[in-house]
Amino acid sequence: KQLEGAEFTECRGLMAQMLGELEELSAAVEMSDVEGHAYCEDFAIRLFGRLDDAEKAGGADKRMAAHFLVASTFLEILRQFDPDGQLEDKLQEMQTYAAWKAAQISRALKVHWLTGSNP
């Protein structure tokens with residue numbers, strides 16, 4: 001459903017308010033680039049590991065696809081911490097796989113067909 005009129009205006013206002021609050025919160029967080037990189041990398045690797053294990057055990061669903069996309073995004077964010085915008089090889093493999101797996105699960109759900117593990 002596409003928002004129109006008053007709904008759109010209200011949604012846009014709420015989003016602007018939330019973004020403002022997030023900006024205020026981010027200013028209060030004191031974290032170095034090294035700490036930020038470590039935190040982001042740890043989160044992405046732990047999320048990816050849990051998702052990979054769960055997917056291999058079976059039971060892929062829309063939520064899993066969304067979480068694979070989140071893992072891919074956090075791995076992609078790590079590029080911001082490298083002067084050349086590169087990822088370590090292992091992290092690049094994880095990012096590519098997570099993005100691919102999110103797309104694969106989403107496509108399978110659209111046609112009501114899910115595979116087990118990777119081909």
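Modeller: A crossing of two helices is left-handed if the near helix is turned anticlockwise from the far one by less than a right angle. The model considered here is predicted.

Colleague: Which quantities describe two packed helices?

Modeller: Two packed helices are described by the angle between their axes and by the distance between those axes. In this model, helix α2 (residues 33-56) and helix α3 (residues 62-77) pack at an angle of about 150 degrees, and their axes lie 9 Å apart.

Colleague: How are α2 and α3 oriented to each other, roughly parallel or roughly antiparallel?

Modeller: Angles over 145 degrees count as roughly antiparallel, and α2 and α3 are therefore roughly antiparallel to each other. Their crossing is left-handed.

Colleague: Which residues make the contact of α2 with α3?

Modeller: On α2, the residues include Cys40, Phe43, Ala44, Leu47, Phe48 and Leu51. On α3, Met64, His67, Phe68, Val70, Ala71, Phe74, Leu75 and Ile77 take part. By class, this contact has 14 nonpolar residues, one polar and two charged.

Colleague: At what angle do α2 and helix α4 pack?

Modeller: Helix α2 packs with α4 (residues 89-110) at an angle of about 50 degrees, with the axes 11 Å apart. That angle makes α2 oblique to α4. Here too the handedness can be stated: α2 passes α4 in a left-handed crossing.

Colleague: Which residues form the contact of α2 with α4, and how do they divide by class?

Modeller: Helix α2 contributes Glu41, Ile45, Phe48, Asp52 and Glu55, while α4 contributes Leu91, Met94, Tyr97, Ala98 and Lys101. These residues divide into six nonpolar, no polar and four charged.

Conventions
Residues numbered from 1 in each chain as written. Predicted model: local features only at pLDDT ≥ 70, side-chain atom pairs only at ≥ 80, totals over all residues. Heavy atoms only, no water. Axes fitted to C-alpha atoms, helices over the stretch in contact; angles between N-to-C directions. Helix = DSSP H or I, 4+ residues; strand = E, 2+ residues; numbered from the N terminus. Parallel < 35°, antiparallel > 145°, perpendicular 65-115°, else oblique. Contact = heavy atoms within 4.5 Å. Nonpolar A, V, L, I, M, F, W, Y, C, P; charged D, E, K, R; others polar.
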